[in-house]
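Reader: I have just opened this one and would like someone to walk me through it. Could we go slowly?
Author: Gladly; here it is.

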Amino acid sequence: MTENGTSTNGFIQSLGAVLCTALAPILALHNFNIQYIQLPAVVRTVWVAVALAVGLFLFAWVILRRPYTAAALTILFLLLFFLYGHIFDLLSRWLPVRNLLFSGAWVLLLLVGAVWLLRHPARAARFTQIVLVMTALVAIFNFANIVTYEVARRRANLASLEQTGAIGVATNFGRPDIYYIILDAHTRPDVMARFGYDSTPFVQKLEAMGFYVASCSQANYWLTTFSVGATLRMEYFGPEYDNESALPDWKVSAALQNLRQLGYQVVTFETRANEINNQDLGEDVLLASARQETLYEDFYSLASLNDFEANVIRTTWLHSWLQLVGNYRHLLPAGTLDAQASAYLRHYRQTNYILEQLPELAYLESPKFVYAHLLVPHEPFIFDASGAYVYRNMQDDFTEGYRNNAEFIDRRIAEVIEQILANSAQPPIIILQGDHGPNGSQPDLLLPILNAYYFPYGGDEQLYDHITPVNSLRTLFSYYFGADYPRLEDLSYYGHTPNLSEGVLTPNSCVPTAN
């Protein structure tokens, strides 16, 4: 087989093989994490990969005028580029592999393969055609998986909409602003003490501001998507919801439908928590954190990476290149040359942006439902107790990291709530909640949560020490808007699958504290 540099079919086949090779690993990584990755988070990675692949192919084709050989060389580089991290991690489990030596071996493999392809144009053409078929199949399979997943979510959404009932009319309380603030993984004071931190003063400060703190509250589920989903759904998940991919979007939950019927606008933030939970509130206002880098940092830092992009870099040869020049990291801004640290730095800035903006939302047109999901004190533990950025490897001490994150957020959220109350023309409704406790293997660590309510006009009289989040909005809609939502039994599910009955627990061992 020989090549014709002007062959249209050969050029199209070669370009197709290059594009499929660039797309297949990205789609595969997305599908591996499909329950946690929103499609928009993948778009930039796809564009960069396509631009890189097409640029390399066209450059090689202009020089060689042999499309199959140009494609084969590009494909060889792309395969080595995307497989590097996976193979390095696999070998590192059994062998003391060094990044510098392994990267050198990868360069040698690239050179040997390139020479072989240049010397054998016919084999380069066959190699390109084989890769085209294989990667096209991989791409088709992954596209089909995405479509299947989206269809399943659409069906779950339709089923959820059918279960939504009508809300009552607004009562004499009017339509106060509602703030639902989640402090991810925030636990109760009795459990927080196990981390060497006394959060009692924080709880007392909330109570002094008028909050009712449910001192024996537990999460209904140990996983965020189930926990928050049940809170917004205002009921437990049945056996048909046996995994995260079967869950409906939060935007079609009973709570969101009720709020829209009442004329509320939904305000939320762009956060790392929302990115990894792949949930959509159908918000009317989405606030994204402003860039804070200098021009120098914008150019040299990777701080705008999202989690998916950081994962892609960690699995490619690029991660090795960044590590090889890491000896000079101390000369560059924080987050430079480290994909993980960069994603964490972005998370750090997002969190501070939310805390700065929350009090200002009181001036936004009412009525509004503000949903703020802060991935603190949940890992990554990037705050010290004073709130300064600390890049902490996840292998470092969990107790110290969790304690520092908790101390920081307790101090800041108390300040933020004071400002919200001061800025509000009418007393708002505020729910401050952990979606689960600190990550661990035992239910006595994962299930207890902080659960505090600012329910004005006597709404706090409807609350009790063992209330769980599934009853939070049921109580709110019943008291303030005349809805008929009887109280559900307070249960906590803990098992391999979050809704398995094997893990039904009740918080009987907790001793309530005086409110």
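Reader: To start with, which residue takes a positive phi just after H8?
Author: Methionine 234 does, with a positive phi of about 65° just after H8. This is a predicted model, in which local features need pLDDT of at least 70, side-chain atom pairs count only at pLDDT 80 or more, and totals for chains, interfaces and linings use all residues. Residues are numbered from 1 along each chain as its sequence is written, and side-chain values use heavy atoms, with hydrogens and water left out.

Reader: Is methionine 234 buried or exposed?
Author: Methionine 234 has a relative accessible area of 1%, so it counts as buried; buried means under 20% relative accessible area, exposed means over 50%, and partly exposed is in between, with a 1.4 Å probe and protein chains only. Methionine 234 sits in the loop that runs between H8 and helix H9 (254-261).

Reader: And how many residues of H8 itself are buried?
Author: Helix H8, residues 224-233, is mostly covered, with 10 of its 10 residues buried. Among them are Thr224, Phe226, Val228 and Leu232. As for the naming, helices (H or I, at least four residues) and strands (E, at least two) are DSSP runs, numbered from the N terminus.

Reader: What does arginine 233 pair with?
Author: Arginine 233 forms a salt bridge with glutamate 235, and the closest N and O atoms are 3.0 Å apart; a salt bridge here is a side-chain nitrogen of Lys or Arg within 4 Å of a carboxyl oxygen of Asp or Glu. Arginine 233 counts as buried because its relative accessibility is 8%, whereas glutamate 235, with a relative accessible area of 31%, is partly exposed.

Reader: Which residues line the largest cavity?
Author: Its lining consists of Thr225, Gly229, Arg233, Phe237, Pro248, Asp249, Trp250 and Ser253. The space in the largest cavity is about 60 Å³, and a search of the whole structure finds 5 cavities of 30 Å³ or more. A cavity is a set of points, on a 1 Å grid over the protein atoms alone, where a 1.4 Å probe fits but cannot get out, and lining residues have an atom within 4 Å of a point. Grid points are joined across faces, edges and corners, and the volume is the space filled by probe spheres set on the points.

Reader: Back to salt bridges: how many does the search find?
Author: The search of the whole structure finds 6 salt bridges. In one of them, the side chains of lysine 368 and aspartate 177 meet at 2.6 Å, N to O. That pair links distant parts of the chain, 191 residues apart, with lysine 368 in strand S5 and aspartate 177 in the loop between helix H5 (121-163) and strand S1 (178-183). Both lysine 368 and aspartate 177 are buried.

Reader: Where is proline 367, and what is its peptide bond like?
Author: Proline 367 is in the loop between helix H14 (339-357) and strand S5 (368-374), and the peptide bond from serine 366 to proline 367 is cis, with omega near 0°. The bond from valine 376 to proline 377 is also cis, with omega near 10°, and proline 377 lies in the loop between S5 and helix H15 (398-423).

Reader: Changing topic, what does tyrosine 84 touch?
Author: Apart from neighbours within four places in sequence, tyrosine 84 is in contact with residues including Phe102, Trp106, Thr316 and Trp317, where contact means heavy atoms within 4.5 Å. Tyrosine 84 lies in helix H3, and its C-alpha atom is 5.3 Å from that of threonine 316, although these residues are 232 apart along the chain.

Reader: Why does tyrosine 84 count as buried?
Author: Because its relative accessibility is 2%. Tryptophan 94, by contrast, counts as exposed because its relative accessibility is 64%, and its place is in the loop between helix H3 (67-92) and helix H4 (99-119).

Reader: Last one: what is the overall make-up of the protein?
Author: The protein has 17 helices and 7 strands, and buried residues make up 54% of its 515 residues.

Notes
On a 1 Å grid over the protein atoms alone, a cavity is a set of points where a 1.4 Å probe fits but cannot get out, and a pocket is an open set with protein on both sides within 12 Å along at least five of seven lines; lining residues have an atom within 4 Å of a point.
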